[in-house]
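Here are my notes on the model, as numbered points. Please keep the structure open while reading.

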Amino acid sequence: FTPLSKEEKEKLAAFCELKLDNQHYYNETYDLTHRFPNSNALEDYDEEFVWNHQMRTAFRQCGLQKWCCVLLQGLAEGESMPPPAGSADMNPATLGLVTKRSCLNVGARYISRGLNELHAASNEYECELLLWTKAQQGKYLHVKWSTYYWIRGTAPLNWGSQPRAGEAEVIIAPDPFDGVEDYYRRLQRRYAITTSVLCCSLLRRTPGHGETKLGDTFEASGHAVRQTVNIDLEVCHFDWHHKTKGGMWE
């Protein structure tokens, strides 16, 4: 083998420090990069959510792709729920939550904000909530299921923040809407959106606060998108910090 260069050694050391426990997951029999249900082959995954795609490329070139799993970052867990008391005729149900982090725009909080050159929002997650129940009917297993999904991340605009004592200062770019249309068109392609989209802003709504101006700009972007993209976009506001002040609902 060719000895590693100094740069390669530094990158290898950085890779070895990457924490995988409780942050990543994989499935060897089902494509989790697309929403449930799907019949995709494992190799038909969406690269946006695969955190070891470059590593798998080397395995694929040797015909050994099965030796390197498709690695996702996020959360995958489920919990069984017994039927309510007095409901003996009902079957137990299972509630599952799958979240996966996009690879298109990642970074540390307060540093990575808004859209990047790929017009992808920073630290965006796709979240999917699954509910299913099953019952034996003769020799067949009958399964009923329901699914609900949403995405979360920073406001899809051109903005950033500057760390300050206490709170970070919000900095909105001169052209905050640059790339916003491409962002929503990408969502249209992935989710086959033909109806309305509701964006819920959790930014503060305190008069004079930097997040309030950002929230107003976010809402204005919805008006701009509706003029150019065939999508019914609505932005609503929910001041998370105010509603959960002191860790309690008001």
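1. **Domain contact.** In this predicted model, 20 residues of domain 1 are in contact with 15 residues of domain 2. Contact means heavy atoms within 4.5 Å. The assignment gives domain 1 as 20-154 and domain 2 as 157-249; such bounds come from an automatic or database domain assignment. The C-alpha centres of domain 1 and domain 2 lie 25 Å apart.

2. **Ground rules.** Residues are numbered from 1 along each chain as its sequence is written, and side-chain values use heavy atoms, with hydrogens and water left out. Because this is a predicted model, local features need pLDDT of at least 70 and side-chain atom pairs count only at pLDDT 80 or more, while totals for chains, interfaces and linings use all residues.

3. **Confidence.** The mean pLDDT of the chain is 88, and 97% of the residues score at least 70. pLDDT is the predictor's confidence in each residue, from 0 to 100. Strand β3 (residues 93-101) has the highest confidence, at a mean of 95. Helix α5 (residues 240-243) has the lowest, at 82. Where pLDDT is low, predicted coordinates should not be read in detail.

4. **Overall layout.** The chain has five helices and nine strands. Helices (H or I, at least four residues) and strands (E, at least two) are DSSP runs, numbered from the N terminus. Along the sequence the pattern is α-β-α-β-β-β-β-β-β-α-β-α-β-α. The C-alpha trace spans about 65 × 65 × 40 Å along its principal axes. Of the contacts between residues at least 6 apart in sequence, 55% join residues at least 24 apart. Buried residues make up 34% of the 250 residues. Here buried means under 20% relative accessible area, exposed over 50%, and partly exposed in between (1.4 Å probe, protein chains only).

5. **Largest pocket.** Where does the largest pocket lie relative to domain 1 and domain 2? It lies between them, because both give residues to its lining. Its volume is about 1,700 Å³. Of its 46 lining residues, I151, R152, G153, C200 and L202 are the closest to its centre. At least two lining residues each come from β5 (140-152), β6 (159-162), α3 (180-191), β8 (196-201), α4 (210-228) and α5. By class the lining has 25 nonpolar, 14 polar and seven charged residues.

6. **Pocket terms.** The search uses a 1 Å grid over the protein atoms alone. A pocket is an open set of points where a 1.4 Å probe fits, with protein on both sides within 12 Å along at least five of seven lines; lining residues have an atom within 4 Å of a point. For the classes, Ala, Val, Leu, Ile, Met, Phe, Trp, Tyr, Cys and Pro count as nonpolar, Asp, Glu, Lys and Arg as charged, and the others, Gly among them, as polar.

7. **Second largest pocket.** This one holds about 350 Å³ of space. It is lined by 13 residues, with F15, L18, W51, N52 and L71 nearest its centre. Helix α2 (residues 53-61) gives the largest share of the lining, three residues. The lining has eight nonpolar and five polar residues, and no charged ones.

8. **The β3-β4 loop.** Please look at the backbone here. H119 sits in the loop between β3 and β4 and has a positive phi of about 60 degrees, although it is not a glycine. H119 counts as partly exposed because its relative accessibility is 22%. N123 is in the loop between β3 and β4; its phi is near 50 degrees, again positive in a residue other than glycine. N123 is buried, at 15% relative accessible area.

9. **E124.** Is E124 buried or exposed? It counts as buried, because its relative accessibility is 6%. E124 lies in the loop between β3 and β4 (125-137). Leaving out residues up to four places away in sequence, it touches K100, R101, S102, I151, R152, G153, Y183 and R186. Among these, I151, R152 and G153 are also listed closest to the centre of the largest pocket.

10. **Cis peptide.** A cis peptide bond joins F36 and P37, with omega about -5 degrees. P37 is placed in the loop between β1 (24-25) and α2.

11. **H142.** This residue lies in strand β5 and is partly exposed, at 36% relative accessible area. Beyond its neighbours within four places in sequence, H142 is in contact with T133, K134, A135 and Q137.

Notes. Points joined across faces, edges and corners; volume = space filled by probe spheres on them.
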